[in-house]
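Subject: Structure handover and notes

Dear colleague,

I am passing on the structure we spoke about, together with some notes on what came out of going through it. Please read the notes with the model open beside them.

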Protein chains: 2
Amino acid sequence: MSEDRRLDVLRAIVEDYVLTHEPVGSRVLVERHSLGVSPATIRNDMAALEEAGYIAQPHTSAGRIPTDKGYRLFVDRLSAVKPLSAPERKAISVFLEEAVDLDDVVDRAVRLLAQLTQQVAVVQYPSLRRSALRHIELVPMSEDRLLVVLITETGRVEQRIIELESSSSEPIVPELRARLNVHVAGRRLIDLSAPLAEMTEAFAPEDRSLVRQVVKVVEDTLAEATEERLVMAGTANLARTGTDFPGTIRPVLEALEENVVLLRLLTEMAADSAGVTVRIGHENQHAGLAETSIVAAGYGADGEPLARIGALGPTRMDYAGTMASVRAVARYLSRILAG
Amino acid sequence: MSEDRRLDVLRAIVEDYVLTHEPVGSRVLVERHSLGVSPATIRNDMAALEEAGYIAQPHTSAGRIPTDKGYRLFVDRLSAVKPLSAPERKAISVFLEEAVDLDDVVDRAVRLLAQLTQQVAVVQYPSLRRSALRHIELVPMSEDRLLVVLITETGRVEQRIIELESSSSEPIVPELRARLNVHVAGRRLIDLSAPLAEMTEAFAPEDRSLVRQVVKVVEDTLAEATEERLVMAGTANLARTGTDFPGTIRPVLEALEENVVLLRLLTEMAADSAGVTVRIGHENQHAGLAETSIVAAGYGADGEPLARIGALGPTRMDYAGTMASVRAVARYLSRILAG
DNA sequence: ATTAGCACTCGCCGAGGGTGAGTGCCATCG
DNA sequence: CGATGGCACTCACCCTCGGCGAGTGCTAAT
């Protein structure tokens, strides 16, 4: 019994099932794929594959469908990421380059990915913590309130208002602004602790209280994981899956509304690798996503990505195509933000 | 034949149908509501109501369901907005007051409304155009780039970067900043044209080019309707409607993803009245929302609201309850933003 | 190891018949 | 004249029951 052919059979089953959404039997398998053997032989292979847990049959007298384990083997060893065509790549590039600011880039990226994959698309905003700072602006709002605006190299702007204890602090704002900008320019938030502490020492003791408050805001911004924003598009694609019972899309929509859940998933996935990562069904530890797969990739830099994008859909998805789209959009996104 | 009783019958039909989601017949009608007449009498009334277009029967031998016209009459004349209980109001108030900034207020409001109504909730950010400005900040980013930050009384912050033509403009930035703030403080964007034009004249002719550019950004921000942001929650509630065929939720999800569509609907609705407004089924001119009703209200001020909130669900919804929730959340939102 | 043959399982489909909810109409009653 | 009881009729829903066919597993032959 050839081990290679068994894997061929698994690949054929996955491809057929993804295409037709129907359990696939031994007869159609030999008809549609040139396997060169008879249905009976395939049946033996299928029995072995089922024994090993890669496929299952929904009913006694029906064909087989892949299990999560089967999909996993498929994406790991059996499918090649099929590159997009030149016109497709061109279209992506042009569409993203038309964006006018960061919000627009992210918005276009997420819609594009939803369109390309016909799945739900998710794009995380470039991480504040890992972005290099371009500028810090301090704006006195009133006697005892100060607006702090952080601007990153990627164009993201974050603001925070702080209540000051001493009301006579205005005079030193210009100096503080100047010094801060010297110290932060081009650095990432994540690398700022030491420089800021050093800078604080340089001030006269009576001013340090104000300085510390401002520094604290900067560092709090760093700490707040909640500030990681993300946008979504293509939820209507969930309802596209034909006769899919609505009992299955509800928990998915619920999970999608919990940004915390999504952020955790995306973050966990990036740990695996710098390239495209796939989580299949039960692999994402979330009850509502048991029949859902996620394809994700980082963008912004190779080593330690700024943030992540992903496509999410039923486990029976076109993995090769989805992975290609996710990878492509991530790459062009990186290019745009770097440029 | 009593006209009053006919309306009672219509009300009973709407209430029963909303509750059970099943066509309601003459027998259960007299059983569940104390109408004081026999089923035969009800049948005569129902025939008249059907003739007038308020109800219809899906099949020959089934009960009646309300038409859009029937729901319309119901919300206009037959249903009283049932006020929330004191604990409910208290809970809303407390939950919203815990918010730390504008984003948090809006986020909490939309989740709360989705929870209360068990529908899809939409909250529009306070309109930039109608908000009073608190402050304008100008930040020179480099030789030829200037960051303009607008801060409104409601706490919304909007920024824009402009490319300057003359690179020697930095010296007048402080003066421009000071003058701008004198002219804009407390005014609404929508009222700014005249004061800004007047201010421009006060500058030396060689500086007016820069001044005009900055003024233009402020006015462009005013013009851009696209800047009207909105957030959504509770899409999972669409799938809650029991055995509802998924063919009906897909176009709704699609419509919801087009922010433009939603914004237009909300804007149109506010024109009707300052209070709670309802659009039923075909009344919203959008193919995907033919079986969907929207309940909306403005918030922020009585005369000309800052923005709107709304709840969206199947035409067979609990109008009285939904209207009460929408109105309550809108009121507390107004209170929070004013305080 | 592969394959042809074969018996077996079982989900799917359409036909048929009974049931009951609901209606419309009509004659009757207060 | 409106309300009502009676009655025939329609028709969606449900259940049952074969027939069909896809698909399987097993076994014996190559």
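A crossing of two helices is called left-handed if the near helix is turned anticlockwise from the far one by less than a right angle, and right-handed if it is turned clockwise. By that convention α1(B) passes α4(B) in a left-handed crossing. Please keep in mind throughout that this is a predicted model.

To begin with that pair, helix α1 of chain B covers residues 3-20 and helix α4 of chain B covers residues 68-78, and their axes come within 10 Å while crossing at roughly 110°. Since angles of 65 to 115 degrees count as roughly perpendicular, α1(B) is described as roughly perpendicular to α4(B). On the side of α1(B) the meeting residues are Leu7(B), Leu10(B), Arg11(B) and Val14(B), and they face Gly70(B), Tyr71(B), Leu73(B), Phe74(B) and Leu78(B) in α4(B). Sorted by class, the residues of this contact are seven nonpolar, one polar and one charged.

The axes of α5(B) and α12(B) are 10 Å apart and the helices pack at an angle of about 40°, which makes α5(B) oblique to α12(B). The crossing by which α5(B) passes α12(B) is right-handed. From α5(B) the contact draws on Arg89(B), Ile92(B), Ser93(B), Leu96(B) and Glu97(B), and from α12(B) on Ala328(B), Val329(B), Tyr332(B), Leu333(B) and Ile336(B). Seven of these residues are nonpolar, one is polar and two are charged.

The other packing brings in helix α6 of chain B, residues 102-117, whose axis comes within 10 Å of that of α12(B) and crosses it at roughly 165°. With that angle α6(B) is roughly antiparallel to α12(B), and the crossing of these two helices is right-handed. Here α6(B) contributes Val105(B), Ala109(B), Leu112(B), Leu113(B), Leu116(B) and Thr117(B), while α12(B) contributes Thr322(B), Ser325(B), Val326(B), Val329(B), Leu333(B) and Ile336(B). By class the contact of α6(B) with α12(B) holds nine nonpolar and three polar residues, with no charged residues.

Turning to the two protein chains, how is chain B superposed on chain A? A rotation of 180° with 0.0 Å of shift along its axis does this, with an RMSD of 0.1 Å, and that is the relation of a two-fold axis. In the contact between the chains, 21 residues of chain B touch 21 residues of chain A. On the side of chain B, the elements that give two or more residues are β4 (133-142), β5 (145-152), β6 (157-163) and α10 (249-257), and α10(B) supplies the largest share, five residues. That side of chain B is made up of 12 nonpolar, three polar and six charged residues. Of the interface residues of chain B, 100% are also interface residues in chain A, so the copies meet through the same surface.

That leaves the DNA. Around DNA strand C there are 23 residues, of which the closest are Val37(A), His59(A), Thr60(A), Ser61(A) and Gly25(B). At least two residues of the surface near DNA strand C are supplied by each of α3 (39-51) of chain A and α2 (26-32) and α3 (39-51) of chain B, and α3(B) gives the most, with four residues. By class, this surface has nine nonpolar, 11 polar and three charged residues.

The classes in the surface near DNA strand D are nine nonpolar, 11 polar and three charged residues.

With best regards

Key
Residues are numbered from 1 along each chain as its sequence is written. Chains are lettered from A and ligands numbered from 1 in the order in which they are written. This is a predicted model: local features need pLDDT of at least 70, side-chain atom pairs count only at pLDDT 80 or more; totals for chains, interfaces and linings use all residues. Copies are superposed by least squares on the C-alpha atoms of residues with pLDDT of at least 70 in both. Two residues are in contact if their C-beta atoms, placed from the backbone, lie within 7 Å. Axes are lines fitted to C-alpha atoms, for helices over the stretch in contact, and angles run from 0 to 180 degrees between N-to-C directions. Angles under 35 degrees count as roughly parallel, over 145 as roughly antiparallel, 65 to 115 as roughly perpendicular and the rest as oblique. Ala, Val, Leu, Ile, Met, Phe, Trp, Tyr, Cys and Pro count as nonpolar, Asp, Glu, Lys and Arg as charged, and the others, Gly among them, as polar. A residue is near a molecule or strand if its C-beta atom, placed from the backbone, lies within 6 Å of it.
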